[in-house]
Amino acid sequence: MVYSEECNIIFRVKGILEFACQLDNPNGAQSGNTISKSFQNLRSKVSSKNIVFTVCNSPILIWPNMGFQSSVEGLTQASACGDILQYIESDDGGNKKSSKKKDKKKSGPTVVNLKLLFEVTDPAGNEAPSLMRMSAQQHSVKMPLPLDCVLSVSADESMTTVFTGLVEALNKQIADMEEVVLRYRKGSSFLVPQPFHFQLPKPAGLTTVIYPAGVPDSQLQAVREDLHRKFELSLDRPYLRRANAFHFPDEAYKDGYLRNPHIHLNPPNIEDAKLYLVQGVYSYHHYMQDRVDDDGWGCAYRSLQTICSWFQQQGYVETAVPTHTQIQQALVDVGDKEPRFVGSRQWIGSIEVQAVLNQLLGVTSKIMFVSQGSELATKGRELANHFHTEGTPVMIGGGVLAHTILGVAWSENTGEIRFLILDPHYTGGEDLQIITDKGWCGWKGPEFWDQNAYYNLCLPQRPKTV
């Protein structure tokens, strides 16, 4: 199912179906047919009148295959799906429809979460049960199928269209899981198929892909290349690695770091200016995090950590964001620093950031030298080109300060420019409102830079890979 920016509600249904089959000969020619028959039984179950959706944090039950029946009288098959929001309790005790906070900028659609259920009893008939005993050696296979389907719509779409679409999405996902199971099974050993959602460029939008559990991304490159061709994606950057999976706006990140605080800002008001921004997801790293007191000396380390988080969350690397000690050790390993540097509180600059990215991530970088801060106002074209082609965060160091540049607003006609700055000198908690209101993440003019200090900019380059 596809999500576009024009859609404002994502319906997401999750549930577990148990796959079970009996194989006379796991390696026999008929075993594939037996497996497919079991998957067909699951599709029939999803298409039956016994399927029920329950809307999380609400009293709503919906029977989509019984001419659309709802436990709430006010919701009919002709109702706009946006009407469902008034029945969903939000975290603040109100409902989702009335409790939307006025943000600086809307950061994502509303998510309606549903659980997949089935009625387990049917009206009793007059038939008596019959029992049959068979004596044969078979392999019994059982495994859970973690269904997770999405449907993205505008709020005025009808309820019957939405829930009919969800049933269709469930059936398609079961068919996709069947394909993965058959492809990767070895005899009676099965890998659990797992769904992942990816936000792809238009027109593909939010797309679901099934990967086998336990098979690392490094062994799925051929699969990704086929998908890149299917969705007409470029073959020079990853879109479909597990780390690229779409993050639903109603789910918190478990590591506690803020992601992409800049998306909550309004762009600067510059006539004829275009925005050139970081592409993808990064974590905001700043002073005093991770129980490390680096106030006054660790700003470049934090900017480097933000850059490393970008490469990790775009799927280029699987290594964790390096600590201060690991950064220092990397500089010792490449011969840039003496061993006593490890554990110190010494500053680093753009050249050291370049060396660490190459040593730990295998990422190359370009260095831009600016002899004085006043010249940065003339670097709009170079920075715009970087964010357009590479899209990586840029570390800038000058004097005794380091910052992260996340983008520019630049007018080619007038040369006027604003810089989108992520400031690693922030020492507070992960409070998005303070960070954006107080300018720790914000748009800055050329006067932000020390006009007489020289600056070095580290511009990381994307590896060409899928």
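A residue counts as buried here when its relative accessible area is under 20%. With that in hand, welcome to a short tour of this predicted model.

**View 1. The whole chain, for orientation before the close-ups.**
Let us start with the protein chain as a whole, which has 466 residues, 48% of them buried. Its secondary structure comes to 8 helices and 15 strands. The C-alpha trace spans about 95 × 55 × 40 Å along its principal axes. If we take the contacts in the chain with a separation of 6 or more, 70% of them are between residues 24 or more positions apart.

**View 2. Helix α1 against helix α2.**
Here we look at α1, which covers residues 31–46, beside α2, which covers residues 159–184. Their axes come within 9 Å and cross at roughly 165°. An angle over 145 degrees counts as roughly antiparallel, so that is the label for α1 and α2. The crossing of α1 past α2 is right-handed. On the α1 side, the residues in contact are Gly32, Ile35, Ser36, Phe39, Leu42, Arg43 and Val46. They meet Val167, Leu170, Asn171, Ile174, Ala175, Met177, Glu178, Val181 and Leu182 of α2. By class, this contact holds 11 nonpolar, 3 polar and 2 charged residues.

**View 3. Helix α5 against helix α6.**
Now for another helix pair: the axes of α5 and α6 are 9 Å apart, and the two helices pack at an angle of about 90°. Angles of 65 to 115 degrees count as roughly perpendicular, and α5 and α6 are therefore described that way. From α5, the contact draws on Gln326, Ile327, Ala330, Leu331 and Asp333. From α6, Glu352, Ala355, Val356, Gln359 and Leu360 take part. Sorted by class, the residues of this contact are 6 nonpolar, 2 polar and 2 charged.

**View 4. Ser344, in the loop between α5 and α6.**
Staying with these two helices, we turn to the loop between α5 (324–333) and α6 (350–361), where Ser344 is found. Ser344 has 15% relative accessibility and so counts as buried. A polar atom of its side chain lies 2.7 Å from the backbone oxygen of Phe341. Leaving aside residues up to four places away in sequence, Ser344 touches Trp297 and Gln328.

For a sense of scale, Ile351 and Trp449 are 98 residues apart along the chain, and their C-alpha atoms are separated by 19 Å.

**View 5. Arg462 and its neighbours.**
Our last stop is the segment after β15 (455–460), which holds Arg462. With a relative accessible area of 8%, Arg462 is buried. Which residues does Arg462 touch, not counting residues up to four places away in sequence? They are Arg237, Gln279, Trp310, Tyr316, Thr389, Glu390 and Thr392. Look for the side chain of Tyr316, joined to that of Arg462 by a polar contact of 2.7 Å. The side chain of Gln279 also makes a polar contact with the side chain of Arg462, at 3.1 Å. Finally, Pro144 and Arg462 are 318 residues apart in sequence, with 38 Å between their C-alpha atoms.

Technical notes:
Residues are numbered from 1 along each chain as its sequence is written. This is a predicted model: local features need pLDDT of at least 70, side-chain atom pairs count only at pLDDT 80 or more; totals for chains, interfaces and linings use all residues. Side-chain values use heavy atoms; hydrogens and water are left out. Axes are lines fitted to C-alpha atoms, for helices over the stretch in contact, and angles run from 0 to 180 degrees between N-to-C directions. Helices (H or I, at least four residues) and strands (E, at least two) are DSSP runs, numbered from the N terminus. Angles under 35 degrees count as roughly parallel, over 145 as roughly antiparallel, 65 to 115 as roughly perpendicular and the rest as oblique. A crossing is left-handed if the near helix is turned anticlockwise from the far one by less than a right angle, and right-handed if clockwise. Contact means heavy atoms within 4.5 Å. Ala, Val, Leu, Ile, Met, Phe, Trp, Tyr, Cys and Pro count as nonpolar, Asp, Glu, Lys and Arg as charged, and the others, Gly among them, as polar. Buried means under 20% relative accessible area, exposed over 50%, partly exposed in between (1.4 Å probe, protein chains only). A polar contact is a pair of N or O atoms within 3.5 Å; within protein, one must be able to donate a hydrogen and the other to accept it, and residues adjacent in sequence count only if both atoms are side-chain atoms.
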